[in-house]
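Hi,

Here is the structure you asked for. My notes follow below it.

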Amino acid sequence: MFKISPSIATPCTLCQTLTDHPLGLCDHCRQELPVLLHACEKCALPLSEDQLICGECQKHPPLFDRATALFIYAQPLSHLVKGLKFGEQLHLAPQFAEMLAAKVVQHPLPELVLPVPLHPTRLRQRGFNQALAIAQPLAKQLHIPLDFHSLLRKRDTPQQTRLDAVERRNNLRGAFELRQPFSAKHVALVDDIMTTGNTVHEISKLLRKNGVEHIDVWLIARAVE
Ligand SMILES: [Zn+2]
Ligand SMILES: [Zn+2]
């Protein structure tokens, strides 16, 4: 799963042991990463091997078709994802993209890759969108066009984590729009983490209204509440 390319040794991000691995993690810490092995085919929730679709997706199927995640959002991976999000470890984005590419090629590939957008104000504050940082090398590797222009986040929604479940859903209603007509029928949404799935659900609603028939969601990690 992890490809090693020659580079100079640097201290492991987590324990300071010298390593030349491109993820910046020593052998020991890499083994500690919570790799997502068996998960719900719809929402990527970790499941036991005898289950295909989780109870929640059976009762309320999400509007996207299939979410794929590399990891469970837990230590020490969460530390790396936070580092990526806040820009200290942006170099991890192509590494994660390479791993995701290896996982998603097992399924039919989309016509377009769409990173989940940040609101323009948030983007200005942060200087980059971590979803785009992952989607860019990922699309390139898979030879699929990247579209980071069509989808717009028009409301700067409060941090989802500070809200309860109902507030989270209401918070996102109408938060996204398409800037231009959309012709793709099969797309993949890319984000760093998915928790409730409300964000990609809301975007999926918009895409379906605009004729998209098949929606994949590609993630670094699936958070389990
Ligand atoms: Zn280490
Ligand atoms: Zn599920």
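Are Cys-43 and Cys-54 buried or exposed? Cys-43 is buried, and Cys-54 is too. (Buried means under 20% relative accessible area, exposed over 50%, partly exposed in between, with a 1.4 Å probe and protein chains only.)

First, the ground rules. This is a predicted model: local features need pLDDT of at least 70, side-chain atom pairs count only at pLDDT 80 or more, and totals for chains, interfaces and linings use all residues. Residues are numbered from 1 along each chain as its sequence is written, chains are lettered from A and ligands numbered from 1 in the order in which they are written, and side-chain values use heavy atoms, with hydrogens and water left out.

**Zinc sites**

The zinc ion (ligand 2) is held by Cys-40, Cys-43, Cys-54 and Cys-57, each through SG, at 2.3 Å. (Donors are N, O and S atoms within 2.8 Å of the metal, or 3.2 Å for Na, K and Ca; water is not among the atoms, so sites may look incomplete.) The donor spacing is C-x2-C-x10-C-x2-C. Cys-43 and Cys-54 both lie in the loop between helix H1 (27-31) and helix H2 (55-59), so the pair ties together parts that are 11 residues apart in sequence. (Helices, H or I with at least four residues, and strands, E with at least two, are DSSP runs numbered from the N terminus.) The 4 donor atoms make angles of 103 to 116 degrees, and the site is tetrahedral. (Four donors count as tetrahedral if all angles lie between 85 and 135 degrees.) Ideal tetrahedral angles are 109.5 degrees for four donors.

Cys-26 is buried at 7% relative accessible area. Cys-29 is buried at 7%.

**Strand S7**

Strand S7 (residues 186-194) is mostly covered, with 9 of its 9 residues buried. S7 pairs with strand S4 (residues 112-115) in the parallel sense over 4 bridges. (Pairing takes at least two DSSP bridges between two strands.) Leu-114 has Leu-189 of S7 as its bridge partner. S7 also runs parallel to strand S8 (residues 214-222), joined by 8 bridges.

**Asn-129**

Asn-129 sits in the loop between helix H5 (120-126) and helix H6 (130-142). Asn-129 is buried, at 10% relative accessible area. Leaving out residues up to four places away in sequence, Asn-129 touches Val-116, Pro-117, Leu-118 and Leu-123. (Contact means heavy atoms within 4.5 Å.)

Best wishes

Notes
Tetrahedral: all angles 85-135°; square planar, octahedral: opposite > 155°, others 65-115°.
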